[in-house]
Amino acid sequence: GFRISIAGDRITGVAASAAPDASIARSPGDAQTRAAAGAQAALLDVGFDCTNVAVNVDTSGFAAAPGVPATVRVDVSCTVPLADLGLPGLPGSKTLTDHAVSPLDPARDSP
């Protein structure tokens, strides 16, 4: 249980690192690309080896006109085999998640 808790702590903040990257994007597609790159970099920075990394970005805020306050939400999940958490021989895996919201750049392009 302790190792699973530590693994959960290690993913905490990954989305918070990726959300600002998405928030400076000029388009929804660019936001997704930036968030995915930011999440991957954050996972590498913490030395976290996980599989099935998924980065989902809610880009609905881009529908707001430039200058109107809006946000972008980033959800990150990945799967860690339980054996990698110091539980040798234990079958199965644990999916870890994190999310963060960041204000969009008010100078972004019009939708």
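How much accessible surface does the protein chain have, and what share of that surface belongs to carbon and sulfur atoms? The accessible surface is about 5900 Å², and 55% of that belongs to carbon and sulfur atoms. Areas here are from the Shrake-Rupley method with a 1.4 Å probe; for residues, only the protein chains shown count as cover.

Some conventions. This is a predicted model, with local features needing pLDDT of at least 70 and side-chain atom pairs counting only at pLDDT 80 or more, while totals for chains, interfaces and linings use all residues. Residues are numbered from 1 along each chain as its sequence is written, and side-chain values use heavy atoms, with hydrogens and water left out.

On to the layout. There are three helices and three strands in the protein chain, in the order α-α-α-β-β-β from the N terminus. These are DSSP runs numbered from the N terminus: H or I of at least four residues for helices, E of at least two for strands.

Of the 111 residues, 35% are buried, where buried is under 20% relative accessible area, exposed is over 50%, and partly exposed is in between, with a 1.4 Å probe and protein chains only.

Next, the core. The largest nonpolar core has 26 residues, and Val14, Ala35, Phe48, Val55, Val57, Val74 and Val76 touch the most other members. At least two core residues come from each of helix H2 (14-23), helix H3 (28-45), strand S1 (51-58), strand S2 (71-81) and strand S3 (93-103). A nonpolar core means buried Ala, Val, Leu, Ile, Met, Phe, Trp, Tyr and Cys residues joined through side-chain atoms within 4.5 Å.

Take Val57. Leaving out residues up to four places away in sequence, Val57 touches Ala31, Gln32, Ala35, Val72, Arg73 and Val74. Contact means heavy atoms within 4.5 Å.

Now the helix pair. The axes of H2 and H3 come within 7 Å and cross at roughly 150°. On the H2 side the contact includes Val14 and Ala18, and on the H3 side Ala31, Ala35 and Gly38 are among the residues involved. The axes are lines fitted to C-alpha atoms, for helices over the stretch in contact, with angles from 0 to 180 degrees between N-to-C directions.

Last, the cysteines and one lysine. Cys50 is buried at 13% relative accessibility, and Cys78 is buried at 1%. With a disulfide taken as a pair of cysteine sulfur atoms within 2.5 Å, the count is zero. Lys94 lies in strand S3 and is partly exposed at 35%.
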